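Welcome! Here is a friendly walk through a protein model, one feature at a time. Please keep the structure open as you read.

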Amino acid sequence: MQRQAGQPVMVDCFWHAQVRPTDFILACGDGNSRLTSLRWSQWHRDSAVAEGFNVVNDCKPYCAAGKFHSYPVIVRLNATQPWKKHPDLSQYTQLSLVYTNGKPNGFGQWVDLPLWN
């Protein structure tokens with residue numbers, strides 16, 4: 001999606017700026033956790049909110065043989081700051097997931113993750 005002037009961005013694994021992405025990889029190294037089917041209700045200067053799914057590999061008995069499971073989540077973005085690669089762009093640096101119906105083993109109901117910059 002094209003970026004409008006002043007809109008913050010999410011920076012993906014390939015160092016691309018994204019606005020309101022429908023899918024977003026959380027585990028860049030192995031792809032074992034990603035967000036899918038994101039529907040953004042807010043995308044503001046200081047925060048953004050979406051609903052979608054966190055698709056996570058259970059890695060049982062090991063990741064290559066594991067199965068992916070889909071969990072409904074609310075995604076919240078905040079903590080904007082200038083993007084180091086493009087200081088003229090503001091990027092979200094904090095992502096929070098709220099699991100609304102089930103969650104991966106070992107995860108809390110609410111998970112905070114830093115986003116790379």
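This is a predicted model: local features need pLDDT of at least 70, side-chain atom pairs count only at pLDDT 80 or more; totals for chains, interfaces and linings use all residues.

## An aromatic meeting point

Residues are numbered from 1 along each chain as its sequence is written, and side-chain values use heavy atoms, with hydrogens and water left out.

The structure holds 4 aromatic pairs. Rings of Phe, Tyr and Trp (its six-membered ring) pair if their centres lie within 6.5 Å; planes under 30 degrees apart count as stacked, over 60 as edge-to-face and the rest as tilted. Trp 43 and Tyr 92 make an edge-to-face pair, with 5.2 Å centre to centre and 85° between the planes. Trp 43 lies in strand S4 and Tyr 92 in strand S7, so their pair ties together parts that are 49 residues apart in sequence. Strands (E, at least two residues) are DSSP runs, numbered from the N terminus. Together with Trp 40, these two residues form one aromatic cluster.

## A second pair and a charge over a ring

Tyr 71 and Tyr 99 also pair edge-to-face, at 6.3 Å centre to centre and 90° between the planes. Tyr 71 belongs to strand S6 and Tyr 99 to strand S7, 28 residues apart. Both Tyr 71 and Tyr 99 are buried.

Elsewhere, the charged end of Arg 34 sits over the ring of Phe 68, 5.0 Å from its centre. Such a charge counts if NZ of Lys or CZ of Arg is within 6 Å of the ring centre and within 35 degrees of the ring normal.

S6 and S7 share 9 bridges in the antiparallel sense, and Asn 78 stands opposite Gln 94 in S7.

## The nonpolar core

The largest nonpolar core has 25 residues, and among those touching the most other members are Leu 35, Trp 40 and Val 75. Such a core is a set of buried Ala, Val, Leu, Ile, Met, Phe, Trp, Tyr and Cys residues joined through side-chain atoms within 4.5 Å.

Key: Buried means under 20% relative accessible area, exposed over 50%, partly exposed in between (1.4 Å probe, protein chains only). Two strands pair if DSSP finds at least two bridges between them. Helices (H or I, at least four residues) and strands (E, at least two) are DSSP runs, numbered from the N terminus.
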